[in-house]
Amino acid sequence: MVLNGARWILRMWVVFGACLLVVAVLVRGIGLRGGERSPPELATPTIPEPMQLLSRSAETRIDARWLWIEPERRDRWERCFRRPFEIRDCPRFADWLATPAGAETALLIGELTRGKAEEALTSLALIFELARRTEWKVGVLDGAADATELARLLETWLSTWAPTSARDPLLAEPTRVAFALWARITVATVDAPFFGTDEAAASHARVFADSLTRARAAAATDFGRAVAEHSPRAFAHLLQESDFLVGLAEDAARLYPEIDGGCGS
Amino acid sequence: MSDELHTVTRGRSNELELALSSAMIAAGGLLLGVQLDGLRRVHGTGYAGFAMGLFVALLATALVSRRATLPRDAISWWGALVSLFGVAVLVGGVLVPSGPWLFVELALLTWFFARARSAPGLFVTPQAVLALAAMLYFRLWLTYQASLGEFQVGMLEVPVLSKLPFEFLTPFTHIPIGSFTADELAIPATEGLDFAATIAIWALGFTQVVVGLTWRARAAREHEDDRIHATIRRLPAEVARLVEGLIPESEWESLELHGLAHRKLEKRIEQLVRERVGRAHDVEQRLRTLARGELGNTPGFGADIAGALESGKEKT
């Protein structure tokens, strides 16, 4: 009887060991990219095909009767909405912004950014068009003022909408590409000096990227997680000490090759 | 009867040790397969390292197959299988993410594990433990660097240039050595790694697997000894004692009796008994005919040997 009891104990330990062995193999797959939780199902955005507004065909969709503009902003909208689309001859961005037309358009962009989500997307469309049609490429003599101003415009937009964009069906993807465009413009300012880099610009960019994503912290923000899910390579670059915007800048160059700071030259 | 009960009980205890050590290896493997992220949630370490460890274990098994032996019962098979798993997780837990170092480590570990003895299954030699510990330290260093956002082994400061106070020289003052990415280490991209908790888990898992493999190898050897003992004990009691006197248990492993199939084991024991009885007979005959004067008279070592032969001669 004693020996029978010992045999049962032996079998029990073998079975326990077999279960542990199976679990030990399976646990290695926890949290792998393929097994991660899928992004939350997003509701249908209010503006259909929102990414079209950031493309070259935005001009065909946005008009004076764009129904997403609040009544109190309608007048300024009708005066200013067309101006980015009418820019010719690739002026420098800071120079254009300094004109009366440019200044009022910047006011409109600011008001729309502070409005509701549909207005924010519209303001982003205008910012993208400005980036497409003005020159902000850093030159030896021109410095980085244009790129810096354009980047600040995007920073204001991103600071307002990035924290809540991950769960917004309208702004989720536009915010990520706006972040990528901001990175591409910022890389131009950081690499502006003939030798080395602009440490102040790099430091500012570091702080801004970290505040939006908390990529290097214990827990990323919702926006950071969204960037990681859709652009894991770019997110991995964000974790690096230097060249942390390279991944995002390359994404922007791939998605919008015409937005190169030289009006698509 | 009580001798048989003692033998059977001892055999069961060795089988239980095999089962316990296997469970210990599996538990250690579980710990080596997980890591904690910044929110203390469990993530797996991925299958790449485990697959490479399994490759090392299988290659080492193939390399020792000519001199190693097959397990002869179910519990031995189980122990051998778990030892394969143990080596796989041990190797997988210490490998660097990528690069030429990875292949150097793979080759080195394959060589270490291919030096197994005849007992079935793989085990760790003390030299292998030292090599694994060194590799684990290196892996922990890489993980620590990654937890700080530093994705390189180290940064080399360029002499002279790094001391010059010119901003434009910044890109040239430090050279990164051995860069890698978070993906290669299977570090959770969004939450980062809880370094302290993770290394505690890995250290515990590493120790458990190493101790488990050593314990399993010892239990496997004793289990084989029990099997040989049971074979000899099938003989009449006096004959069995004589055979165990001719072939002491301490020599069974060196005589490669471990892991032999039942029929081959009996044949080998018979062959050894025949050889040793013949040798004993020859020695006894020679002692009988040895004259006292032939023993010699040299002091020290010679006198000691002469004394031993003299006492043997008297016993014949």
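How many residues does helix α9 of chain B have, and how far does the helix reach from its first C-alpha to its last?

## Helix α9 of chain B

In this predicted model, α9 of chain B runs over residues 262-289 and has 28 residues. The helix reaches 41 Å from its first C-alpha to its last, close to the 40 Å expected at 1.5 Å a residue.

Five residues of α9(B) are buried: Leu265(B), Ile269(B), Leu272(B), Arg276(B) and Leu287(B). An α-helix has 3.6 residues a turn, so residues three or four places apart point the same way.

## Salt bridges in chain A

The structure holds 29 salt bridges over all chains. One of them joins Glu111(A) and Arg76(A), with the closest N and O atoms 2.5 Å apart. Glu111(A) belongs to helix α6 (residues 100-113) and Arg76(A) to helix α3 (residues 74-80), so the pair ties together parts that are 35 residues apart in sequence. Arg76(A) is partly exposed, at a relative accessible area of 22%.

Helix α6 of chain A also contains Glu104(A), which forms a salt bridge with Arg83(A) at 3.2 Å between the closest N and O atoms. Arg83(A) lies in helix α4 (residues 83-86), so this pair ties together parts 21 residues apart in sequence. Glu104(A) counts as buried at 17% relative accessibility, whereas Arg83(A) is partly exposed at 22%.

A network of salt bridges links Glu59(A), Glu129(A), Arg132(A), Arg133(A) and Glu258(A).

## A salt bridge in chain B

Glu253(B) and Arg221(B) meet through their side chains in a salt bridge of 3.8 Å, N to O. Glu253(B) sits in the loop between α8 (237-246) and α9, and Arg221(B) in helix α7 (residues 195-232), 32 residues apart. Glu253(B) counts as partly exposed, at 22% relative accessibility.

How values were computed. Residues are numbered from 1 along each chain as its sequence is written. Chains are lettered from A and ligands numbered from 1 in the order in which they are written. This is a predicted model: local features need pLDDT of at least 70, side-chain atom pairs count only at pLDDT 80 or more; totals for chains, interfaces and linings use all residues. Side-chain values use heavy atoms; hydrogens and water are left out. Helices (H or I, at least four residues) and strands (E, at least two) are DSSP runs, numbered from the N terminus. The expected span of a helix is 1.5 Å times one less than its number of residues. Buried means under 20% relative accessible area, exposed over 50%, partly exposed in between (1.4 Å probe, protein chains only). A salt bridge is a side-chain nitrogen of Lys or Arg within 4 Å of a carboxyl oxygen of Asp or Glu.
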